[in-house]
Amino acid sequence: MSRGKLEQTLGEGKFAVTAEVGPPRGANAEVILKKAALLKGCVDAVNVTDNQTAIVRMSSISACAHLVQLGMEPVMQMVTRDRNRIALQSDIMGAYSLGIRNMLCLSGDHQTFGSEPGAMNVHDIDSVHLIHTVKTMRDEGRDMSGYELNVAPRMFIGAAENPFADPFEYRVIRLAKKVAAGVDFIQTQCVYDMARFKEWMKQARDRGLTEKVYILAGVTPLKSARMAKYMAAKVAGITIPEQMITRMEGVAKEHAAAEGIKICLETIQELREIPGLSGIHIMAIEWEEKVAEIVKAAGLFPRP
Amino acid sequence: MIVGEQKPLEEIKAKVSGYSRILILGCGTCVKTCFAGGEDEVATLASALRLSFKLEGRTIQIEEQTVERQCEDEFIKEAATNIAEVKAVVSLACGAGVQMVASRFPQVTLLPGVNTTFIGILEKAGLFTEKCLGCGNCIVDLFGGICPIGRCAKRLFHGPCGGSSKGKCEVNPDTDCAWQLIVDHAAATGQLDKLAEYVPPKDWRTSQAGGPRKVHREDHEI
Amino acid sequence: MVMEKVHRMSNKGGAAHTRKPRITVFHCFTALEDTASLEGGDYEIQGIKMPCSSISREVFLLRAFEAGADAVVVLVCPVNSCRYVQGNIRTEKRVTRVKKILDEIGIGGHRLNMFNIVQGDEAAARRIIEQTVAELGEWGLSAAA
C-alpha cells in the first residue's frame with residue numbers, strides 16, 4: 001500500500017501543514033464536505049475529530065471516509081473514552097479498509113463536559129496503549145490478542161501532547177513514553193506561550209526525541225479578545241500570555257479578527273525557526289475559511 | 001471503608017409514604033463512620049420523618065434499630081423480631097447490607113436509604129475521599145502508592161491528560177489530579193524515569209467486568 | 001440523662017387549642033446555670049441542662065419539636081470560651097444541620113437558634129427568650145407541636 005501524503009511530506013523532511021474539521025451534529029455529510037473543500041490543496045492532511053468535547057457528532061470514521069472520496073487525506077482521531085479494545089481494533093481495521101491512512105490516538109475530553117454528561121466512559125485502554133496497539137497491528141500484523149491479521153492496517157500513528165498542561169517536568173517524559181510506544185507524529189495543543197513551548201522542544205531535543213518523532217505545533221487564530229480571555233481562564237491546559245490578551249484588547253472590535261490572524265502568522269514564523277519542529281497543525285475552530293489565507297500568508301503554499 | 005451518603009429526606013419520605021409502620025435499620029460499621037447510617041442517623045431520620053408526617057396530619061410508626069453490620073447474617077438476624085412487625089424496612093446500610101437484608105427477609109419491602117458512593121478514606125474530619133475502584137488486581141506499586149484507576153477521571157495508566165491544571169483535575173477542580181500526585185511522589189523519590197515505562201493494558205477480568213466476584217476461603221469453611 | 005429527659009418529653013400529651021408558646025432551652029451549665037431564672041413570663045420553658053452544649057445531638061433538637069416545642073433555643077459559651085475547647089463549635093454545626101432538616105420538613109429552621117452567652121449573664125438569656133417569644137408572635141405556634 002502506498003504511504004499517505006502526510007507521511008510522505010514528513011519523510012521527505014518538508015515542513016508539514018495539517019488542519020482540522022469537526023463533523024456535524026447530524027447526518028448531513030454536506031457540512032463536512034463543505035468545510036473540507038475550504039482546506040483542499042492547502043494542507044497535507046485534515047484531522048477529523050472524534051466526538052470532540054464529548055459532544056455527540058457524526059462519527060470520525062465515516063466523516064473521514066467522505067474526505068477520502070473527495071480525494072483528501074484525513075487523520076482519523078480516535079478516543080479511548082467511548083470504545084473498548086474490541087471496538088477500537090475493529091474500527092481501525094474498518095478505517096484502513098476505507099482508505100484512511102493516518103490516525104491520532106487520544107484519551108478524549110471527559111464526558112461530563114459534553115452533550116451526554118450522564119454517559120458511562122470506557123477507558124478500557126488509554127492513548128498510549130492505543131498507540132502500542134496500532135503499532136503492533138501495523139508492524140507485527142497482529143491484534144492485541146496476538147491473532148495474525150490477514151491484512152494489517154498500516155496506519156501512520158499520531159498522538160497529541162500538551163506542553164502547557166501540568167506538571168511541566170513530566171510532559172516530555174510522557175512524550176518519550178508515547179515515542180517508545182510507537183508514535184510517528186505528534187500534534188500539540190495550541191501554542192500561545194512561546195517561551196514554554198520552546199523550553200519543551202528543547203527538552204525533547206535533549207532527549208533525542210525529535211529524531212524519533214515528527215512534532216507538529218498546534219496553532220489557533222484568536223477571533224477576539226473575549227475568546228482569548230475565555231480560553232485563558234476556562235480551558236484547562238491552555239495558557240495565553242497576558243501581553244497577547246492586552247494586544248487583542250488594544251484593537252478595535254472590527255479589527256480583532258485580523259489582529260488574531262496576524263498573531264497567528266507571527267507565531268508560525270517563530271515556530272518554523274525552532275530546531276526539530278516538523279510542521280504546524282492549524283485548528284481554526286469554525287473558521288475553516290481562514291486556513292487557506294493563513295497557509296498562503298505564511299509562505300507555506302503551494303503544498304508539496 | 002465503604003463510604004455512603006444518606007438519601008435526601010424527601011426521597012426517603014416518598015418511598016415510605018405508603019406505609020403506616022416501618023423499621024429504620026442502621027448499620028454500625030462503615031456507614032456509621034461516615035455519618036450516613038449509624039445509630040445517630042437512624043434516630044435523626046426517624047424523628048424527621050415523624051415530624052414531617054405529623055405536619056401533614058398523618059402518623060407513622062417507626063421502629064429504630066441498628067445492628068453491628070448488615071452485611072453479615074450473624075448480625076442481621078437480630079433484626080428478625082422488629083422486621084416481623086413491619087411491611088417495609090428502610091436500610092441505612094451500603095448496597096451490600098441492603099441486599100443481605102433483602103435476601104434474608106424476602107417478605108418485607110426493602111427501601112434503600114443510603115447511596116453507596118465509594119471505597120475511600122477519612123481524609124480529614126468531615127471529608128471522605130475515594131481511593132479504590134476494587135479492580136481485583138492491585139498495581140499501586142507502579143504509581144508510588146497512588147492509584148490512577150480509582151483516582152483519575154479517565155483511569156489513565158500513562159497520564160496525566162491535558163486537563164491537569166495546577167495540581168487539580170479539570171473534571172472536579174477541587175480534586176487533586178492523581179497523576180500530579182504520582183509525578184510529585186516520583187520526583188521527590190528520584191524515580192521520575194520509572195514513570196517513563198510502559199504499563200501494559202489491564203486485564204479487567206478481575207474487576208466487575210468479569211461478572212460478580214467471589215472470594216472463597218475453604219480454610220474458613222465449616 | 002439528657003436522652004431520658006427528651007424521651008419523657010416525647011411522651012407528653014397533645015397540645016391544647018390555644019395555649020402559651022413553648023420554648024425548649026438546651027443550655028450548657030456554664031453558659032447558663034439554670035432555666036428557672038427565665039420563667040415567669042407568658043410562655044412555658046422546658047430546660048435541658050447539659051455539662052456541654054455539644055452533648056445536644058441532632059435527634060435531641062428534633063425530638064424537642066416532636067415533644068411540642070414551638071421554638072428551640074440553644075445557649076452556648078462564647079467562641080473560644082468553651083471549657084471543652086470545640087464544644088460550642090460542634091453545637092453550631094449541628095444546629096445548622098438541624099435547621100436545614102427543619103426547613104426541609106416545613107417546620108422552618110428559624111424556629112431553632114443558637115446564641116453565645118457569657119457565663120452568668122442571665123439578663124442576656126432573658127432577652128433571648130423575650131425576643132423568641134416576640135418572634136413566635138409573628139411565626140405563630142408550631143403546626144407540629
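Is Ala54(A) buried or exposed, and how many other C-beta atoms lie within 10 Å? Ala54(A) is buried, with 22 other C-beta atoms within 10 Å. A residue counts as buried if 20 or more other C-beta atoms lie within 10 Å of its own, as exposed if 12 or fewer do, and as partly exposed in between, with C-beta atoms placed from the backbone.

The structure is a predicted model, in which local features need pLDDT of at least 70 and side-chain atom pairs count only at pLDDT 80 or more, while totals for chains, interfaces and linings use all residues. Residues are numbered from 1 along each chain as its sequence is written, and chains are lettered from A and ligands numbered from 1 in the order in which they are written.

**Backbone features**

Phi of Ala54(A) is near 60°, a positive value in a residue other than glycine. Ala54(A) is placed in the loop between β2 (45-48) and α3 (60-69) of chain A. Helices (H or I, at least four residues) and strands (E, at least two) are DSSP runs, numbered from the N terminus. In chain B, Lys166(B) also is not a glycine and has a positive phi of about 50°. Lys166(B) lies in the loop between β8 and β9 (168-169) of chain B, and Lys166(B) is exposed, with 11 other C-beta atoms within 10 Å.

| Cis peptide bond | Omega |
|---|---|
| Asp166(A) and Pro167(A) | about -10° |
| Gly159(B) and Pro160(B) | about -5° |

Pro167(A) is found in the loop between β5 (156-161) and α6 of chain A. Pro160(B) belongs to the loop between α7 (148-151) and β8 (164-165) of chain B.

**Strand β8 of chain A**

Strand β8 (residues 277-282) of chain A is mostly covered, five of its six residues being buried. Two strands pair if DSSP finds at least two bridges between them. Strand β1 (residues 16-21) of chain A pairs with β8(A) in the parallel sense over four bridges, and Val17(A) stands opposite Ile280(A) in β8(A). Strand β7 (residues 214-219) of chain A runs parallel to β8(A) and is joined to it by five bridges; here Val219(A) stands opposite Ile282(A) in β8(A).

**Contacts between chains**

Two residues are in contact if their C-beta atoms, placed from the backbone, lie within 7 Å. Between chains A and B, the contact takes 26 residues from chain A and 25 residues from chain B. On the side of chain A that touches chain B, α5 (127-140) and α6 (168-181) of chain A each supply at least two residues. The largest share of this side, eight residues, comes from α6(A). By class, the side of chain A that touches chain B has 10 nonpolar, nine polar and seven charged residues. Ala, Val, Leu, Ile, Met, Phe, Trp, Tyr, Cys and Pro count as nonpolar, Asp, Glu, Lys and Arg as charged, and the others, Gly among them, as polar.

The contact between chains B and C takes 12 residues from chain B and 14 residues from chain C. The elements giving two or more residues to the side of chain B that touches chain C are α1 (9-16) and α3 (39-55) of chain B. Of these, α3(B) gives the most, with 10 residues. The residues of this side of chain B comprise five nonpolar, three polar and four charged.

**Chain C**

Chain C has four helices and four strands, in the order α-β-β-α-β-α-β-α from the N terminus on. Of the 145 residues in chain C, 41% are buried. Among contacts in chain C between residues at least 6 apart in sequence, 67% join residues at least 24 apart.
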